[in-house]
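Reader: Could you zoom in on one part of this model and then walk me outward from there? I'd like the cut-offs spelled out along the way.

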Amino acid sequence: METVIAKIREMEDFYGLSKHEQLVQGISNAIDEGILVKGNSLPSVNNMVDNLGFARKTIVKAYHELKERGIIQSRKRLGYFVTNDDTQQVLSVALVLYAFHTFQEIFYNTFRESLGEHVHLDVFFHHNNPTIYQTILDSIEGQYGMYVIAPVHGSSSRERLRKFSPKKLLLVDRYENVGADYAHICQEFRQAAYTVFTELASAFRQYEELVLFYKEGTDYPQGIKTAFDQFCLKHDFAARTVGQYKPGSLRRNTAYITIGDIDLWGLLKDCREEGFELGKDVGILSANDTPVKEIISGGISTFYVDFEDMAQRAAQYVLDRELVQEILPTRLIRRASL
């Protein structure tokens, strides 16, 4: 403890450093020199006040900066602890996503690369579970300098997100109306999906029925189902919604729309076993584009938002903090499956 205090006092010899800067640099030096290592506790605020004579708010401010950079964390009733020995970090970011699906893996990898090496990134997954989501938000609040969150929808979610400073929160993927001061880079589902279905109306007419696989209680966007129902009603398509694909239930002269890839793989397996020709006997349209969908079975038609672009824009916001409020366009790629 005394050695850490001594490292801070050494900073008094450097002309022009504020007391806040002396604290941050002194603690950083103690970590760099191995005096403090991961898991070590830092002097309490009271201890700092007694030994250095600095104002309490100055010490709290210094600890807060080190927390935002991901170098230390606070634990209730236990104080502050070293969690990272990379003192060159300028920022610590919490990334909260739905799950590690392929397209969200693309987002993560692009986001991580775009942030650069001196930004610490921790990723969490809530799987559209409100309880897990709430637990994650409670555990990360106040521990990071920036929060990038794909939110669970609902009024309670909006109220919870408003506890984060607008300057430190970026919503991605799903839009939530938190307030005019909050940044977002998201996708829209209902109108975007309706536009895609309308563009494909003539292709759908080749089939006797449209089937949407939509599982309630999951992270499947409600807007896609709403768009499907409205489109089929307006254009008088024979249509139905099914919770999930059951092996062996494939029908000829049917066009299928999948959101989850498990349904897609089941369809493709049965198409092969039945000898059905994609784009003729059976049509398939899949949400979210991946490299596999470009090459498998001659190519699967997809509608999607560019998650790589979303990630690059999100990283840019984290680095420059210039307010951004964007709904990214949904794109359609026609391939052999439809």
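**Loops, rings and pockets**

Author: Arg 321 sits in the loop between helix H13 (307–320) and strand E13 (325–328). Helices here are DSSP runs of H or I with at least four residues, strands are E runs with at least two, and both are numbered from the N terminus. Before going on: this is a predicted model, where local features need pLDDT of at least 70 and side-chain atom pairs count only at pLDDT 80 or more, while totals for chains, interfaces and linings use all residues. Residues are numbered from 1 along each chain as its sequence is written, and side-chain values use heavy atoms, with hydrogens and water left out.

Phi of Arg 321 is near 60°, a positive value in a residue other than glycine. Most residues other than glycine have a negative phi. Arg 321 counts as partly exposed because its relative accessibility is 34% (buried is under 20% relative accessible area, exposed over 50%, partly exposed in between, with a 1.4 Å probe and protein chains only).

Asp 236 also has a positive phi, near 55°. You'll find Asp 236 in the loop between helix H10 (222–235) and strand E9 (239–242). At 65% relative accessibility, Asp 236 is exposed. Phe 237, in contrast, is buried, at 12%.

Phe 237 takes us to the aromatic part. The structure holds 18 aromatic pairs. In one of them, the rings of Phe 231 and Phe 237 have centres 5.3 Å apart and planes at 25°, so they're stacked. Rings of Phe, Tyr and Trp (its six-membered ring) pair if their centres lie within 6.5 Å; planes under 30 degrees apart are stacked, over 60 edge-to-face, and the rest tilted. Phe 231 is buried too, with a relative accessible area of 1%. Both Phe 231 and Phe 237 belong to one aromatic cluster, together with Tyr 194, Phe 197, Phe 204, Phe 228 and Phe 303.

The ring of Phe 237 has a charge over it as well: the charged end of Arg 205 is 4.0 Å from the ring centre. For that label, NZ of Lys or CZ of Arg has to be within 6 Å of the ring centre and within 35 degrees of the ring normal. Elsewhere, Arg 75 lies over the face of Phe 81, at 4.2 Å from the ring centre.

Now for the pockets. A pocket, on a 1 Å grid over the protein atoms alone, is an open set of points where a 1.4 Å probe fits, with protein on both sides within 12 Å along at least five of seven lines; lining residues have an atom within 4 Å of a point. Points are joined across faces, edges and corners, and the volume is the space filled by probe spheres set on them. The largest pocket has 32 lining residues, with Tyr 220, Ile 259, Gly 260, Asp 261 and Asn 288 nearest its centre. By type, the lining divides into 14 nonpolar, 10 polar and 8 charged residues (nonpolar: Ala, Val, Leu, Ile, Met, Phe, Trp, Tyr, Cys and Pro; charged: Asp, Glu, Lys and Arg; polar: the others, Gly among them).

The second largest pocket comes to about 220 Å³. It's lined by 15 residues, and closest to its centre are His 153, Arg 174, Tyr 220, Pro 221 and Gln 222. Its lining splits into 7 nonpolar, 6 polar and 2 charged residues.

Two more residues are worth a stop. Val 211, in strand E8 (residues 209–213), is buried at 1% relative accessibility. Ser 28, in helix H2 (residues 19–32), is buried at 5%, and its C-alpha is 9.2 Å from that of Ile 8, 20 residues away in sequence.

Finally, the overall picture. The chain has 13 helices and 14 strands. Its radius of gyration is 26 Å, well over the 20 Å that the globule rule gives for 338 residues, so the chain is more spread out than a compact globule (the radius is taken over C-alpha atoms, and the rule is 2.2 Å times the number of residues to the power 0.38). The C-alpha trace spans about 80 × 35 × 30 Å along its principal axes, and 50% of the 338 residues count as buried.
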